[in-house]
Amino acid sequence: TNVTYSSTISKTINDYCKTCHGASYQTDGGGLRLDNYSNLKQNINDVLDAINHRGQLSKMPKNSSKLNDCKLKQFDIWVRNGMPNN
């Protein structure tokens, strides 16, 4: 599995997160902005907890089912590989 930020991770963020955690992050995203690599990398622990439905954070995606196992595994692979901006 070739997981990259540009073709894998950012696509999932755009599809499931950017509506609330993009330009309107202050009002809709609880102050958490995820619309670029730097912001995602800075907040990766919270993102992983939220998408894996663990811890005290809101379960994400909001008002939707948990991401499928393949997408969750892609995040794990990307993090394990050092979160490259590729």
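**Figure 1. Contacts between helices H1 and H6 in the predicted model.** From H1, the residues Tyr5, Thr8, Ile9, Thr12, Ile13 and Tyr16 meet Lys71, Gln74, Phe75 and Trp78 of H6. The axes of H1 and H6 lie 11 Å apart, and the packing angle is about 130°. The crossing of H1 and H6 is left-handed.

**Figure 2. The buried residues of helix H1.** Tyr5, Thr8, Ile9, Ser10, Thr12 and Ile13 are the buried residues in H1. Because they cover an arc of only 165° around the axis, they are on the same side of H1. An α-helix has 3.6 residues a turn, so residues three or four places apart point the same way. The cover over the buried residues of H1 includes helix H2 (18–21), H4 and H6.

**Figure 3. The largest nonpolar core.** This core comprises 18 residues, of which Ile9, Ile13, Leu40, Ile44, Ile51, Phe75 and Trp78 touch the most other members. At least two core residues are supplied by each of helix H1 (5–16), helix H4 (37–42), helix H5 (44–51) and helix H6 (69–80). In soluble globular proteins, nonpolar side chains tend to be buried together.

**Figure 4. The surroundings of Ile13.** Ile13 is buried in H1 and is one of the core residues that touch the most other members. When neighbours within four places in sequence are set aside, Ile13 is in contact with Lys18, Leu34, Leu40 and Phe75. Among these partners, Leu40 and Phe75 are also listed with the core residues that touch the most other members.

Key: Residues are numbered from 1 along each chain as its sequence is written. This is a predicted model: local features need pLDDT of at least 70, side-chain atom pairs count only at pLDDT 80 or more; totals for chains, interfaces and linings use all residues. Side-chain values use heavy atoms; hydrogens and water are left out. A nonpolar core is a set of buried Ala, Val, Leu, Ile, Met, Phe, Trp, Tyr and Cys residues joined through side-chain atoms within 4.5 Å. Buried means under 20% relative accessible area, exposed over 50%, partly exposed in between (1.4 Å probe, protein chains only). Helices (H or I, at least four residues) and strands (E, at least two) are DSSP runs, numbered from the N terminus. Contact means heavy atoms within 4.5 Å. The arc is that of the directions from the helix axis to the C-beta atoms. Axes are lines fitted to C-alpha atoms, for helices over the stretch in contact, and angles run from 0 to 180 degrees between N-to-C directions. A crossing is left-handed if the near helix is turned anticlockwise from the far one by less than a right angle, and right-handed if clockwise.
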